[in-house]
Structures are given as structure tokens and as C-alpha cells.
Amino acid sequence: MNKRRRPEVSVANWEAVYDFYGPGRRRDWFTYPLLALVDAIYRPRLRIPDETIERLHRLHSEGVGIVVAVNHPSAHDPTVLAAALFDRRVRFLASGTGLTKDPLFRGPLRPVFEYTGTVPVFRAKNYEGTASDIHEAAATRLIGLCVDRLTGGGVVLTFVEGTNSSADDLRTLRLESVKKGVGMMVAGAPP
């Protein structure tokens, strides 16, 4: 385990942040009891055809990376997604690397995100006025981390819109609602 000091999580410090979080900070002794708790609270019913479950298991056993990209209509989505992935049929997906906005790493919940293996995302809208080359370099490094996970047969968990979206906007998924990061991750990973 990397014992380095936790870096300040800000876009100005993106290199140190991704050096620290890139290798993964997940602690299963923390993550699995937390997932069991959220599953007990939310109890989502996951309706996945058996063929899809079989294909996910086959792809995973063949070392193919998997991106779980879902919509984000409410603040409860991360915990509902976590509970859904705790479903015994697809529990291996719960070992994925989650992505979340960086402000959550500056509050009292930072250890929760850190110990579950979540990586901060520096969203341009949170850093208006920051030089575009800094933001682009940080985004490129994040996409690289995700591609490395996928190339290694791992799982990446993300929200396609990159932020909460209104339920009305989600009735029909619009291409302009999907952020380019998901496509860049998939395009960067081998078929």
C-alpha cells in the first residue's frame, strides 16, 4: 500500500492527486460492509436477462474491461448503483473504480470515497478560469487511468452525463447529454 500523504485535491495539484489515487486506494474491509449496508437500505431489484449476466461473466473471465455507465437523475444514484452492483449475480462489478466530482474529496466523506477506490474528476465547470491546458492534462491523465483499468480487465463505474440530470432529460437519452469521457475510455481500451 502506498503510504504517501494525502494530497490536496484540486485541479492545480492534479498530478499528485492522480499519482496518489491512480494505483487505487480501495480497502475491501471497508467497502464490502458498506455495500452490504447500502444494499440493505435500498434493496434495488436488478432486472438483467440471464444471457447478459452470462456474457458479463464471460467477458470478465476473458480479461475484458467493463464500463458501467448509467444515468444520474438524483443524488441517491451512487448509493443505488452501489447496492445494485452488490447483487450476487454481478457482484464482481462492485470491485470497479468509481469516478466522482473532486469536491467530495475535500469534506468529511473523503475517506469513504478513498477507501471504496473512487477517483476524483476535475470537471471544467468547477474550474472556470483555469487554463484549458491544465484541465485537459488532468482529464487526459484520468482517461489514461481508466483505460489502464479496462486494459487490465477491470471495471470502471461512471455517470454518462457527468452530473445530475433532470428526470425529463433522461426519458430519451440525447447524444449531447453524454459526456465524451465514456467514449474516450472505450476507444482507448483494446477491443
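A pocket is taken here as an open set of points on a 1 Å grid over the protein atoms alone, with protein on both sides within 12 Å along at least five of seven lines, and its lining residues have an atom within 4 Å of a point. Grid points are joined across faces, edges and corners, and a volume is the space filled by probe spheres set on the points. The structure is a predicted model, in which local features need pLDDT of at least 70 and side-chain atom pairs count only at pLDDT 80 or more, while totals for chains, interfaces and linings use all residues. Residues are numbered from 1 along each chain as its sequence is written, and side-chain values use heavy atoms, with hydrogens and water left out.

We can start with the overall layout. The chain contains eight helices and four strands, these being DSSP runs numbered from the N terminus (helices: H or I, at least four residues; strands: E, at least two). Along the sequence they follow the pattern α-α-α-β-α-β-α-β-α-β-α-α. Of the 191 residues, 40% are buried, where buried means under 20% relative accessible area, exposed over 50% and partly exposed in between (1.4 Å probe, protein chains only). With contact defined as heavy atoms within 4.5 Å, residues 24 or more positions apart account for 72% of the contacts with a separation of 6 or more.

Next comes the interior. A nonpolar core is a set of buried Ala, Val, Leu, Ile, Met, Phe, Trp, Tyr and Cys residues joined through side-chain atoms within 4.5 Å. The largest one has 24 residues, and Y18, Y21, L99, V119, F122, L142 and M185 have the most contacts inside it. Helix 1 (14–21), strand 3 (119–121) and helix 6 (132–151) each give two or more residues to this core, with the largest share, seven residues, coming from helix 6. Apart from it lies another core of 15 residues, including L56, L85, V90 and V155.

Beyond its neighbours within four places in sequence, Y18 contacts P23, V119, P120, V121, F122, A138, R141, L142 and L145. L142, in helix 6, is buried at a relative accessible area of 9%. Residues up to four places away aside, L142 touches Y18, L99, V119, P120 and V121.

Strand 4 (residues 155–159) holds L157, which counts as buried at 14% relative accessibility. L157 and A69 are 88 residues apart in sequence, yet 6.1 Å apart from C-alpha to C-alpha. Setting aside residues up to four places away, L157 touches V68, L85, L93, G96, T97, G98 and L99.

The second largest pocket has a volume of about 250 Å³. It is lined by 16 residues, of which L46, V68, V70, L81 and A84 lie nearest its centre. Helix 3 (50–61), strand 1 (66–70) and helix 4 (77–85) give two or more residues to this lining, and helix 4 provides the largest share, five residues. By class, the lining has 13 nonpolar, two polar and one charged residues (Ala, Val, Leu, Ile, Met, Phe, Trp, Tyr, Cys and Pro count as nonpolar, Asp, Glu, Lys and Arg as charged, and the others, Gly among them, as polar).

Most residues other than glycine have a negative phi. R43, although not a glycine, has a positive phi of about 45°. R43 is found in the loop between helix 2 (28–42) and helix 3, and is exposed, with a relative accessible area of 56%.

Note on methods
1 Å grid on protein atoms, 1.4 Å probe; cavity = no way out; pocket = protein on both sides within 12 Å on 5 of 7 lines; lining within 4 Å.
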